[in-house]
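Grab a pencil and try each task before reading its solution.

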Amino acid sequence: MTLVLFDDNASRDNFRPISSTRALFDIKMGCLTPVEQFRSRPLKLLTRNYLTGITKSRHPTFSVNDSAYDKDDLYLNSLCSIHVRELERLIQEKNYFVITSRNKVLVARMSKEDTEYFSDSIVNGKIPDLKKLHVNTTDLEAVPDRYGPVCWDIWNLISDLSNRLSEQLFNQKQQSTLGALNVKGKGPLFVHSESTVDQETVLDTTDGGIYIGPRAVIAQSTIRGPAFLNEDTEVKPYSILSHSYVGKNCRVAGEVDSSVLTDYTNKSHSGYLGHSYVGEWVNLGANTTTSDLKMTYGTISMYSPDDFRKKVDSGLIKLGAFFGDMAKTSIGTNIYGGLRIGVSSHVHGGFVTRDIPSYVIFGAGIGAENVELELSSAIRTQKRMMSRRDVTMSEQYESLMIDVFEQTADERTKKGIESKKFSMQ
């Protein structure tokens, strides 16, 4: 039996700009992506056609968008963190079935004809019509706990973060090989023997476990669990990091609360990052700050990714910003809560009060005109940033940048963003 993790096309747009450059099964939910959660099992991956190349490069040992049929394949929505016992029960179910919620497939085993239709829909960016499946569906009005948390919307990446981290870190083996550490609480603690942790650092596991990966360097700071710091990451002096995930080879300073920073991202200076999600290869300039709380203490709304005039209430009192891969902010950038900063956009300080599309030089915060970022310039900049970490841009990554630039052209047009030279005067 092979588990087929598939992209939910009905939900993909909800996760822009994070999903613009990756399949949903490659989005960190806590400290794990769905692929990492289920990687001990035989896996197939099903995603949008334009993501095939980059997904194969990220997962060379897995089948990606392979149309070969196997009657025992079990299809699982990437946004559904199903519990092991329920997954095992469904694996034993030999009949065809489709379980849905909110008119979206959660898990299914289908006939050859239905599988071909379903897979073709996913690859071509279409939403499968459930009425065309030749099997009765079971619709769940409320998703039972045995299916785990379902990440329906982009803000669930933040609202579920602390619980997911706590659960994922719960089984981490406690280990301290660096001599005396300043530890508070009795939660799980894993400090890799190849990491360096200043003895004045406070590791507080009262609210959840802490993981510090190999070759991480932690200067005198405070880390409050649940927290996961991946390999080769540096935390600079006097930082405060709480209830957060930090990916590989990142630089962190200032205050980070209830946030996700994915691989190769820099937040090297002071500034507050709260209840936010930051993609890969992002650079946040000095004193970049995200607002995550209204002065009225009301719930925070986000603009619809399909209609920038429409807002959707997240139901959350605390919610920061969502940064697409390769986004950059200059010094003194202040970003209001619930906003999306597009892929490879450059934000020139001041106040940001509206979503910024991908590939935009945003100058409105300093009184300049917003313009389209030239694709060639974006690629050159990204190659320079990668070279600073001894990484060479792959053909698949460059193709991805081109594809996303073309796919987001309509967003820029709707916002009146034109292709012209950027000027601060």
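**Exercise 1.** Work out how many disulfides the chain has.

*Solution.* Start with the rule: a disulfide is a pair of cysteine sulfur atoms within 2.5 Å. By that rule the count is zero. Now check Cys 31: its nearest cysteine sulfur belongs to Cys 250 and sits 14 Å away, so under the 2.5 Å rule Cys 31 is in no disulfide. Next, Cys 151 is in no disulfide either, as the nearest cysteine sulfur, from Cys 80, is 11 Å off.

A quick note on the source: this is a predicted model, where local features need pLDDT of at least 70, side-chain atom pairs count only at pLDDT 80 or more, and totals for chains, interfaces and linings use all residues. Residues are numbered from 1 along each chain as its sequence is written, and side-chain values use heavy atoms, with hydrogens and water left out.

**Exercise 2.** Decide whether Cys 31 is buried or exposed, and do likewise for Cys 151.

*Solution.* Buried means under 20% relative accessible area, exposed over 50%, partly exposed in between (1.4 Å probe, protein chains only). Cys 31 has 6% relative accessibility, so it counts as buried. Cys 151 comes out at 1%, so it is buried too. Zooming out, buried residues make up 57% of the 425 in the protein chain.

**Exercise 3.** Find what the C-alpha trace spans along its principal axes.

*Solution.* Reading along those axes, you get about 60 × 55 × 45 Å for the protein chain.
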